[in-house]
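Here is a short report for a reader who is new to this structure. Please look over the sequence and the model first.

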Amino acid sequence: MSDFVIETKKLTKIYGEQTAVNSVDIHVKPGRIYGLLGRNGAGKTTIMKMILGLTPITSGEVDVFSQNIKGHEKRIYPRIGSIIETPGFYPNLTGTENLEIFAKLRGTPRPNAVKKALEVVGLPYRDKKLFSKYSLGMKQRLGIANVILHDPELLILDEPTNGLDPIGIAEVRNFIKGLSAERGKTILISSHILSEIALLADDIGIIDHGVLLEENSMEDLEKKNRKYIQLQVSDVHKTSLILEQQFRVTDYAVQDEHNLRLYDTALDMAAINKALVVQDVAVISSQICNDTLEDYFKQITGGEGIA
Amino acid sequence: MTIIATEMQKWKRNKIVWCILALTLLLGALAIERACSIARSSPYMDNFGDLYTMAFKNLSSLFLPIVLGMFATTLFFDEHKNDTLKELLIIPITKVQLYFSKVAVMILMSVGLCLITFLLCVVGGLIAGGFPDLNAETLIDAGLLYLVSGLLIPIAMLPIVFLATLSKGYILPIGATLLYLVPVVIAPAHFMGIHPLASVMGIYSHISEATAAMVEILMQGVLPDTSPFICAGSLLLIGAASAAASVMALKKQSY
């Protein structure tokens, strides 16, 4: 038995000549929220579709609840709730009628399951409004209601806050957190919004151009974001020479003509400042800094595309 | 059965279904109007067979195949359009279940429309009056014709359903439906045992004398000489091949 609810091994998807997902190993632990963070088009949705068996895998393996989903659909799918891209419903039916169809097809045994699910997401039960008249936010809420309708153990949510207003986003975030904290649900959630993932996830996978660049717990990631001394000087080349020759410092990075970072925060800055001034280098500023998750993300992915 | 029941639920408030129903009632009403306005002394309306075969021709020669072709296309394509296919697949509903549930709905619709037309004929026969053969035996013959038609026309339309499963739009299967009808309209006798809709006619002609006469008229005076068993065999073979091809096509599609 694996320790993971979802485990992918060298998961790869190639469309024609384009590699959408490249040898991705994801490990989603039970009872935790795993945030899959990446730009639009990074491969997040494709990974989720492959996990759910909605799109064929080019190579690699996916295990959900320690089983390959293919051939075990009847056993595994009832334990999963998912939203992939936009939630799909019948436009000529009301929200309640739509959920009743899915509840019937799933054989949901709980009485009032539809009513309860709608209550949880704040949508009215037996409302006459048709799905085609729903706002994007209401559609997303109905999608979430459909996900929790059969009380699944694992939730796979692809950008579930898309289209929601800020209050709606906060509500959904708290709701997702509650599902994990209070009801022990395992959640795989994707987003291109870093702050969302930072606020929600226990574990994070950073994906870029189909490659999983980093997989770590948020705790470790926060620890990993290094502290450094930001030094602003009049002559960065002269400063480098002084640091290396006089103080034997090698763990630093030159950023531009006037800025460099010293990664050893235990250095005697008073002595360094004094040496620099003596050698005619003006020290404009010197301060201890700490990278944010956003800085870290930019650093490992090369920068843009994350809100 | 649950899948079929939910398939029916999906059609609530659907305008296409209401239009189909309204047109079926209109076609039945037209036949009743003819029964009321043509004298019983005329050879065109001197027995109940004339009424029910007239209503039957109105329904089954063009209207029902076109309606079923469009309906099947909508059944399959709307799951893509509404993005509901992925929701169904992860319930899980297999593609085989999906295909056969939709075909079952198509058959139910076909039988339903035939039943409505049959009932309209009976009511029309009673209203118009003067039919000497409006008795249990004729009603059984008529009922059998409508039932056979309701069951067999959807099977004859399975090649179009195959196109509907392949297609990413409405145009191809609906256009193909119209083309599919051309051989049956211009030379049905030549395509009996080959074209499923023509084969269905070959089966009708053996139900009763009235249906034999109706088929003769539809065949433009040419008497069908193909055995009903060959017609039935060909129809079922093509239907089964189309069903297998549709399931394979659905299985190959990734979401």
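Does B:Ser234 count as buried or exposed? B:Ser234 counts as buried, because its relative accessibility is 12%. (Buried means under 20% relative accessible area, exposed means over 50%, and partly exposed lies in between, with a 1.4 Å probe and protein chains only.)

## Ground rules

This is a predicted model, in which local features need pLDDT of at least 70 and side-chain atom pairs count only at pLDDT 80 or more, while totals for chains, interfaces and linings use all residues. Residues are numbered from 1 along each chain as its sequence is written, chains are lettered from A and ligands numbered from 1 in the order in which they are written, and side-chain values use heavy atoms, with hydrogens and water left out.

B:Ser234 sits in helix 11 of chain B, residues 228–252. (Helices are DSSP runs of H or I with at least four residues, strands are runs of E with at least two, and both are numbered from the N terminus.) Leave aside the neighbours within four places in sequence, and B:Ser234 is in contact with B:Gly193, B:Ile194 and B:Ser199. Contact here means heavy atoms within 4.5 Å.

B:Ser61 belongs to helix 3 of chain B, residues 48–81. B:Ser61 counts as partly exposed, because its relative accessibility is 28%. Residues up to four places away in sequence are not counted, and B:Ser61 then touches B:Phe56, B:Leu181 and B:Leu218. A polar atom of the B:Ser61 side chain lies 2.5 Å from the backbone oxygen of B:Lys57. B:Ala5 is 56 residues from B:Ser61 along the chain, and their C-alpha atoms are separated by 29 Å.

## Where the chains meet

How many residues of chain A are in contact with chain B? The number is 29 residues of chain A, and they touch 24 residues of chain B. The size of an interface is often given as the accessible area lost when the parts come together. Chain A and chain B bury about 2,400 Å² between them, with 59% of it on carbon and sulfur atoms. (Buried area is the accessible area, with a 1.4 Å probe, that two parts lose on being put together, summed over both.) On the chain A side, A:Leu54, A:Tyr90 and A:Leu105 lose the most area to chain B, together 27% of what that side buries.

Twelve residue pairs are in polar contact between chain A and chain B, both residues at pLDDT 80 or more. (A polar contact is a pair of N or O atoms within 3.5 Å; within protein, one must be able to donate a hydrogen and the other to accept it, and residues adjacent in sequence count only if both atoms are side-chain atoms.) On the side of chain A that touches chain B, the elements giving two or more residues are helix 1 (44–52), helix 2 (73–76) and helix 3 (95–106) of chain A. Helix 3 of chain A provides the largest share, six residues. That side of chain A divides into 15 nonpolar, seven polar and seven charged residues. (Ala, Val, Leu, Ile, Met, Phe, Trp, Tyr, Cys and Pro count as nonpolar; Asp, Glu, Lys and Arg count as charged; the others, Gly among them, count as polar.)

## Salt bridges

Side chains of opposite charge can pair when their charged atoms come close. A salt bridge is a side-chain nitrogen of Lys or Arg within 4 Å of a carboxyl oxygen of Asp or Glu. Two salt bridges run between chain A and chain B. One joins B:Arg13 to A:Glu97, with the closest N and O atoms 2.9 Å apart.

Within chain A, A:Lys49 and A:Glu85 meet at 3.7 Å, N to O. This pair links distant parts of the chain, 36 residues apart: A:Lys49 is in helix 1 of chain A, and A:Glu85 is in the loop between strand 7 (80–83) and helix 3 of chain A. A:Lys49 is buried at 12% relative accessible area, whereas A:Glu85 is partly exposed at 37%. In chain B, B:Lys86 and B:Asp83 form a salt bridge of 3.0 Å, N to O. B:Lys86 is buried at 1% relative accessibility, and B:Asp83 is buried at 15%. A network of salt bridges links B:Glu7, B:Lys10, B:Glu79 and B:Lys102.
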